[in-house]
Amino acid sequence: MSKFALKLYITGKTSKSERAINNLKNICDEELGGQYEMKVIDVLERPQLAEDEKILATPTLIKELPPPLRRIIGDLSDKEKVLLGLDLQPYIKPPQKKGGE
Amino acid sequence: MVNVDTLTDKIPTGIEGFEHITYGGLTTGKTSLVVGTSGTGKTMFAMEVLSKGVTIFNRPVVFVTLEEPSDDIKNNALKMGWDLDRYVTDKMLKVIDASPDPVPLEKTGDYDLSGLLTQIAHSVKEIKAEVVIMDSIGSLFYQFRDVGLIRREIFRIVATLKDLGVTTILTAERTQEYGPVSKHGVEEFITDNVIILRNVLEEEKCRRTIQILKMRGALHSKGEFPFTMSRTGIHIIPLSAAELKQTSSNIRVSSGNNDLDEMTGGGFFRDAIVLVSGPTGSGKTLMSATFTGAACENKEKVLLLAYEESREQLLRNAMSWGENFQNYENEELMKIICVYPEAMGLEDHLLMIRTEIEKFKPDRLVIDSVSALERIATVKNFREFVIGLTSFVKEENICSLLTSTTPRLSGGDSVTEQHISTITDIIILLRYVEINGVLRRGISVIKMRGSQHDKQIREFSIDTGGLHIAEPFKNIQNIVLGIPSQSAPSESEQLGEMFKK
């Protein structure tokens with residue numbers, strides 16, 4: 001498995017930011033087996049980086065490696081969608097399943 | 001004492017006419033929403049406020065582009081002569097590119113637009129911006145598809161900018177020219193100022209208008225004002241705001257014809273607007289030619305706008321009356337512009353006339369004929385044009401001769417007469433008079449502001465020497481009404497005639 005390069009943009013130490021950081025850590029530990037590099041960037045401290053990366057919404061997770069580039073916004077609480085966004089599909093849903101979980 | 005000017009601070013936008021209809025510009029530190037359907041000029045409006053703000057008023061601006069990538073914005077601005085890159089180097093402009101990203105977005109829970117807000121706030125502090133422009137906020141709704149959240153976030157951005165003391169301009173789309181103010185209901189919370197731009201198809205012509213729907217706590221002109229867009233930006237034509245403040249002159253200029261000068265009590269006043277009304281072929285063009293000739297002989301400059309004839313026709317016809325327009329043009333005493341009324345909208349005609357007047361600086365203006373322009377616009381639109389034109393030439397102190405073709409051979413009022421007769425200073429009527437089966441021409445000065453004038457209807461004739469005015473018609477009634485009838489000569493006249501023989 002190739003190594004993941006992830007950047008998480010947050011705005012200040014809000015509960016939303018904390019949630020996103022924790023969710024991401026959990027997903028990475030469980031699914032990537034430590035094969036990742038993760039950077040957390042607070043746009044309040046580094047507004048120039050937000051400009052360069054065109055960060056409008058926070059939290060924003062950017063998967064730089066492996067390609068393709070992916071952007072995921074939100075506090076990453078929907079694990080299934082995060083994995084989809086990272087191009088990781090650890091399990092396949094039964095196709096006939098409909099409605100809520 | 002309540003002084004409106006001190007109640008609300010306003011910043012000028014630099015858009016021609018905008019300060020006039022808003023009594024000074026946009027309210028400082030407030031939020032203005034500019035709405036319009038697609039293609040109404042919202043981005044143009046935003047770009048002009050940006051560029052004029054930087055170049056004329058030395059006002060740093062943060063521009064957030066939410067729809068077009070910043071490179072496209074810069075290229076488009078360059079076509080208008082606005083060099084955004086230079087403003088950026090001069091630290092007068094910061095462009096935040098928040099246009100939609102081709103990389104797909106996956107949403108995984110709670111988020112907000114703090115990233116954008118931080119970028120804007122940071123940029124405002126960085127260049128000490130006084131104005132923030134966001135074009136257009138509708139794009140945020142497409143990018144994130146979460147209407148409630150985006151509305152909340154726009155509100156938060158607006159509130160933050162207000163705290164920073166900057167003046168904010170937001171643009172937004174609407175779906176109908178006359179209907180809900182904006183598509184996403186943003187006007188409900190951006191409550192300071194709402195400006196509506198329209199582009200309505202009327203009589204097969206697009207007519208652009210701007211309306212200040214509201215300007216909280218500040219005076220502004222109400223209603224729609226026509227505007228036009230050119231290579232130099234937006235030009236608003238503030239018609240109902242035109243003031244009657246023109247000075248008046250006692251100096252007279254010649255009409256080019258001694259008899260007519262006599263009829264008007266010594267010639268036209270130098271700042272007068274003269275309307276020559278008559279049916280086709282009655283001598284209107286001749287009268288404008290003699291008027292032009294007299295001015296040029298006097299070394300005054302004349303701008304002639306012809307809407308009915310081509311340049312060659314005009315030169316030939318003038319030559320047949322002994323006026324050599326070509327010579328006058330060579331001496332730069334005269335400028336002839338021939339254009340079809342249908343070539344452009346009335347606003348563009350007005351703008352063109354104004355630009356030509358500013359460039360050529362004529363002493364006299366001839367429009368032959370103003371009634372030709374009636375056919376390309378609605379009555380309301382035409383009236384606005386005429387008022388806009390006449391108030392402008394009055395301000396510039398240009399003696400103007402406008403001709404108007406009456407709809408019927410016998411005379412009658414055209415739209416032109418109905419709308420401009422009150423604005424004109426002199427009205428000259430030309431009419432056909434049928435006497436014993438022969439058509440003769442009659443001329444009469446029916447109005448002459450500030451001066452005595454001949455009230456009789458005189459006969460006139462046209463030959464190679466031009467216009468000749470003869471004796472008044474006798475014993476003919478209702479010429480002006482177009483139904484001349486012979487009346488019996490009075491007793492004294494009859495007696496006089498008897499003894500002559």
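User: How do you know which residues and atoms count here?

Analyst: This is a predicted model, in which local features need pLDDT of at least 70, side-chain atom pairs count only at pLDDT 80 or more, and totals for chains, interfaces and linings use all residues. Residues are numbered from 1 along each chain as its sequence is written, chains are lettered from A and ligands numbered from 1 in the order in which they are written, and side-chain values use heavy atoms, with hydrogens and water left out.

User: What makes R71(A) and D101(B) a salt bridge?

Analyst: A salt bridge is a side-chain nitrogen of Lys or Arg within 4 Å of a carboxyl oxygen of Asp or Glu. The N to O distance between R71(A) and D101(B) is 3.5 Å, so the pair meets the rule. Between chain A and chain B the count is 5 salt bridges, and over all chains the count comes to 33.

User: How do you know how many residues of chain A and chain B are in contact?

Analyst: Contact means heavy atoms within 4.5 Å. By that rule 28 residues from chain A and 27 residues from chain B take part. The two chains bury about 2300 Å² between them, 57% of it on carbon and sulfur atoms; buried area is the accessible area (1.4 Å probe) that two parts lose on being put together, summed over both. On the side of chain A, K54(A), L56(A) and I73(A) lose the most area to chain B, together 32% of what that side buries.

User: What separates domain 1 from domain 2 in chain B, and what do they bury?

Analyst: The bounds come from an automatic or database domain assignment, which gives domain 1 (4–241) and domain 2 (252–475). Their centres, taken over C-alpha atoms, are 44 Å apart. The contact takes 12 residues from domain 1 of chain B and 16 residues from domain 2 of chain B. Together the two domains bury about 1200 Å², 56% of it on carbon and sulfur atoms.

User: How do you know that a salt bridge joins R354(B) and E16(B)?

Analyst: Their side chains meet at 3.0 Å, N to O, which is inside the limit, so the pair counts. Across the interface of domain 1 and domain 2 of chain B the rule finds 2 salt bridges.

User: What makes the link between E224(B) and R198(B) a distant one?

Analyst: The side chains of E224(B) and R198(B) form a salt bridge at 3.4 Å, N to O. E224(B) is in strand β11 and R198(B) in strand β9 (residues 193–202) of chain B, 26 residues apart.

Notes
Helix = DSSP H or I, 4+ residues; strand = E, 2+ residues; numbered from the N terminus.
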